[in-house]
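Biologist: Can you walk me through this model? Keep it short, please.
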Amino acid sequence: MEITRLSNCNVVKDLNFETHHSIEIIESSEPKKKVFKPCDIKYKDYTPCQEQDRAMRFPRENMIYRERHCPPVDEKLHCLIPAPKGYMTPFPWPKGRDYVHYANVPYKSLTVEKANQHWVEFQGNVFKFPGGGTMFPQGADAYIDELASVIPIADGSIRTALDTGCGVASWGAYLFKRNVLAMSFAPRDNHEAQIQFALERGVPAIIGVLGSIRLPYPSRAFDMAQCSRCLIPWTANDGMYLMEVDRVLRPGGYWILSGPPINWKTYYQTWKRSKKELNAEQKKIEELAEQLCWEKKYEKGDIAIWRKKDNDKSCKRKKTAKICEANDVEDVWYQKMETCITPFPEVTSDGEVAGGKLKKFPARLFAVPPRISNGLIPEVTAESFEEDNKIWRKHVNVYKKINKLIGSPRYRNVMDMNANLGGFAAAVHSKNAWVMNVVPTIAKNTLGAIYERGLVGMYHDWCEGFSTYPRTYDFIHGNDVFNLYENTCNLEDILLEMDRILRPEGIVILRDGVDVLNKVKKIAAGMRWDVKLMDHEDGPLVPEKIMVAVKQYWVVSSPHNSTSSDE
């Protein structure tokens with residue numbers, strides 16, 4: 001910079017840069033930019049890979065029809081998903097935990113169906129979430145207090161949690177203030193919009209189901225998992241679903257079951273099932289838990305809690321128990337679930353935690369993850385991990401200068417489209433926001449290390465639709481995403497998918513090579529985004545650039561021939 005300042009740049013003052021002859025310019029027949037039209041209002045809640053019509057062509061067994069079934073390329077929509085009339089920016093956290101604008105998710109069926117369970121109530125033009133649930137009539141706080149009498153929730157040992165079949169995700173919503181980050185999932189089914197409600201409240205959730213394929217999470221991801229009357233048939237398929245929960249549960253982690261068959265002696269008539277059948281079901285669950293090396297720690301009233309042992313040194317497994325191939329447990333995208341037990345990583349002593357002991361949160365966020373210190377991620381070392389954190393702190397400081405609202409409750413639901421080691425999420429970490437760390441299926445598999453930091457995320461292929469509803473993220477960040485996918489799928493499809501899941505007036509920050517970002521900018525300009533391309537923070541000579549975009553606010557009113565908008 002010093003040399004540039006001192007240089008004499010006026011050496012060409014005598015040159016004439018005027019053109020001295022003219023050539024007729026033929027206007028390119030290609031339009032300056034393609035303008036994308038709004039889709040029909042019927043697509044306002046469109047979820048490309050979980051559409052009801054397509055789902056019905058698939059078998060019902062093992063919930064296959066509720067799994068991901070994406071449209072072929074020629075059936076993809078090339079229009080902008082509209083927001084419903086009256087759409088408003090969600091309430092900022094923590095108010096958003098308890099209130100949702102009716103106009104944003106105009107579905108009242110749960111208020112009627114679950115009225116006596118206090119899932120959700122309708123008041124004027126908002127929904128109120130009192131924190132009730134089928135298995136926590138005293139509210140989520142009281143339920144979590146009971147769990148905390150057994151599970152060390154208060155001291156930072158428990159940070160990542162999984163809620164299988166989560167309803168409106170009140171468990172996850174109330175765990176936030178205890179510094180626990182819960183990932184919730186439920187299918188897109190007859191409980192209309194439950195995942196939409198969860199995300200609208202500001203709780204991490206995806207559309208998902210325990211069916212025939214593996215969950216999109218790495219092994220040993222969660223410190224705690226729960227099923228609160230989730231109606232998953234745990235004893236079916238020789239315990240395959242419980243084995244899948246075991247795969248994603250960390251050694252030393254806890255599993256909570258509240259609801260059938262626990263406390264069947266009290267409820268068998270309410271559940272309209274025989275004592276014999278429920279007793280046999282509970283016995284089978286107890287046997288499976290023993291095979292998985294889980295120890296029962298608690299059963300009282302409606303709640304039972306098991307703890308997965310730290311390692312397999314004291315397991316009482318049958319000789320016939322089928323153990324999965326160790327190298328298969330990380331390959332999960334569209335992979336069939338198997339009836340086999342995920343092996344514990346090897347240990348050298350009885351007291352060692354298989355896979356490595358983790359620090360308590362928040363120290364865990366910047367501690368070197370065991371997967372990295374044990375050399376399980378190619379080309380990533382403790383030093384390169386520290387360097388990555390330093391780079392992301394610098395990048396995020398620049399983002400906060402560009403947009404001072406980053407870190408405030410304005411942007412609650414954040415997504416990182418290509419999370420690598422979770423450096424971006426760690427740098428933006430605050431009580432106001434959470435980050436969905438997406439590890440693309442074609443990128444290096446780093447998701448296990450992200451969970452070891454106490455962050456959450458999932459695998460995804462950006463050539464397909466994401467497992468969420470429209471308008472569910474406030475801020476989408478992408479580093480090197482378009483460079484990664486440039487020769488794999490259509491950039492336009494990725495941008496339209498980003499637009500679908502981004503809220504009106506939400507923001508996008510992309511960091512990529514200048515050539516690919518110029519292509520992206522051209523497409524984005526036709527999508528009702530306000531776009532700006534900026535130089536890298538280290539100056540204009542760095543080929544990596546930053547693109548900042550804001551999605552404009554627009555809605556499509558309901559068609560004239562319909563009598564009401566919530567038909």
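Modeller: Start with an open sheet of 3 strands, ordered β1-β3-β2, with antiparallel pairing. Strands are DSSP runs (E, at least two residues; helices are H or I, at least four), numbered from the N terminus. Two strands pair if DSSP finds at least two bridges between them. The model is predicted: local features need pLDDT of at least 70, side-chain atom pairs count only at pLDDT 80 or more, and totals for chains, interfaces and linings use all residues. Residues are numbered from 1 along each chain as its sequence is written, and side-chain values use heavy atoms, without hydrogens and water.

Biologist: Which strands stand at the edges there?
Modeller: β1 (99–101) and β2 (121–123). Each has a single partner strand, so one side of each lacks a neighbour in the sheet.

Biologist: How many bridges join β1 and β3?
Modeller: 3 bridges, in the antiparallel sense; β3 covers residues 126–128. V100 stands opposite F127 in β3.

Biologist: New topic. What is the order in the sheet of 7 strands?
Modeller: β6-β5-β4-β7-β8-β10-β9, an open sheet with mixed pairing. β6 (205–207) and β9 (294–300) are at the edges with a single partner each, so one side of each has no neighbour in the sheet.

Biologist: How do β8 and β10 pair?
Modeller: Antiparallel, over 5 bridges; β8 is residues 249–258 and β10 is 303–308. S258 stands opposite I303 in β10.

Biologist: And which strands does helix α10 touch?
Modeller: α10 (residues 275–291) packs on the sheet and touches β8, β9 and β10. Contact means heavy atoms within 4.5 Å.

Conventions: Axes fitted to C-alpha atoms, helices over the stretch in contact; angles between N-to-C directions.
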